[in-house]
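Hi,

Here is the structure I said I would pass on. Have a look at it first, and my notes on salt bridges and cavities follow below.

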Amino acid sequence: MKIILYGKKTEQMKLDEIQCLINVCCLYADKIFIYRPFFADFCNSMVIQEQIVPIDSVDEVDNADFMISIGGDGTFLSAANFVGRKKIALLGINMGRLGFLSNLQSENLPIVFQALKDKNYTLERRMLLQCTSSLSNTLTDNLSFALNDVCFHRTDDSDMIVIDVKVAGKHLNTYWGDGLIVSTPTGSTAYSLSCGGPIVYPTLEVFLLSPIASHALTVRPIIVPASQLEIHVKSRTGEFLLSKDSDTMKCSDNAVFTIEKANFFINMVKLAHQNFYKTISEKLMWGADKRFSML
């Protein structure tokens, strides 16, 4: 079994937890590849086994079985971008905070790796967004695809922006406000949720459009088929911010953006005990009311 470890150094992450993870990996995997910048953060402070190889790209690994994201959901999104079109099965070990995507706990590592070895899991396909611009065939490589969402924001020094949206060539709405979130079902529990968007089952193929601080109270989030969106943004300053997951760039008003379903998927590992309804219930503490704890 070949495993790729991907992570980013955070304040929550402890060396003894990383050492434990690597030790367990070595018991189950024939070869372990570690993202080099992450490896450089701890290699001088830990025991490094011979089967560990630092890498800069997934292209350096032939036929990897799994990529393990170590950290929170932000790290998981970066890991998905790192995997790209390679179709390497991805799972997340939560060493962050909330953890909708990285929802496996580090204390269960032996159980997780035994399940991987015994093939006691399924693969869940997650849709991605592809964003292109009229100014070029695609945006920069790290801003082309999104697992969670593509967002259009006003800049810090601008007033509200105007966002015109067409769905499959038909006008949907002109949004006035701080911005607009175009989310996948996977991203429905992220930024979209904090702006009042609905939670959507992650394997559905739909787009969520959630306005950010809309100027009109009657404008609400909407779910549309995963067809082509055409988006044109206007601002008094002539520029706005475009973000993909955790990456952001500044854009000018004279561009028209197209968002559509990407032509590849991210394969997420789902263990036998994992259940989306159970996950959201636990993470959002549904039913966790002390008034009923004695019933």
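A search of the whole structure turns up 9 salt bridges. Keep in mind that this is a predicted model.

Let me start with aspartate 59 and lysine 86, whose side chains meet in a salt bridge at 2.9 Å, N to O. This pair links distant parts of the chain, 27 residues apart. Aspartate 59 sits in the loop between strand S3 (52-55) and strand S4 (66-71), while lysine 86 is in the loop between helix H3 (73-83) and strand S5 (89-94). As for accessibility, aspartate 59 is exposed because its relative accessible area is 54%, and the cut-off for exposed is over 50%. Lysine 86 has 43%, so it counts as partly exposed.

Next, aspartate 178 and arginine 154 form a salt bridge through their side chains, with 3.0 Å from N to O. Aspartate 178 lies in the loop between strand S11 (170-177) and strand S12 (179-183), and arginine 154 in the loop between strand S9 (149-153) and strand S10 (161-167), so the pair ties together parts that are 24 residues apart in sequence. Both ends are partly exposed, aspartate 178 at 27% relative accessibility and arginine 154 at 28%.

Then there is lysine 261 with glutamate 205, where the closest N and O atoms of the salt bridge are 2.7 Å apart. Since lysine 261 belongs to strand S18 (residues 256-271) and glutamate 205 to the loop between helix H5 (191-194) and strand S13 (206-212), the pair ties together parts that are 56 residues apart in sequence. Lysine 261 is partly exposed at 33% relative accessibility, and glutamate 205 is partly exposed too, at 34%.

Salt bridges that share partners also join Glu124, Arg126 and Lys270 into one network.

S18 gives the most, with 3 residues. Sorted by class, the lining has 10 nonpolar, 8 polar and 3 charged residues.

Cheers

Conventions:
Residues numbered from 1 in each chain as written. Predicted model: local features only at pLDDT ≥ 70, side-chain atom pairs only at ≥ 80, totals over all residues. Heavy atoms only, no water. Salt bridge = Lys/Arg side-chain N within 4 Å of Asp/Glu carboxyl O. Helix = DSSP H or I, 4+ residues; strand = E, 2+ residues; numbered from the N terminus. Buried < 20%, exposed > 50% of the residue type's maximum accessible area, 1.4 Å probe, protein only. Nonpolar A, V, L, I, M, F, W, Y, C, P; charged D, E, K, R; others polar.
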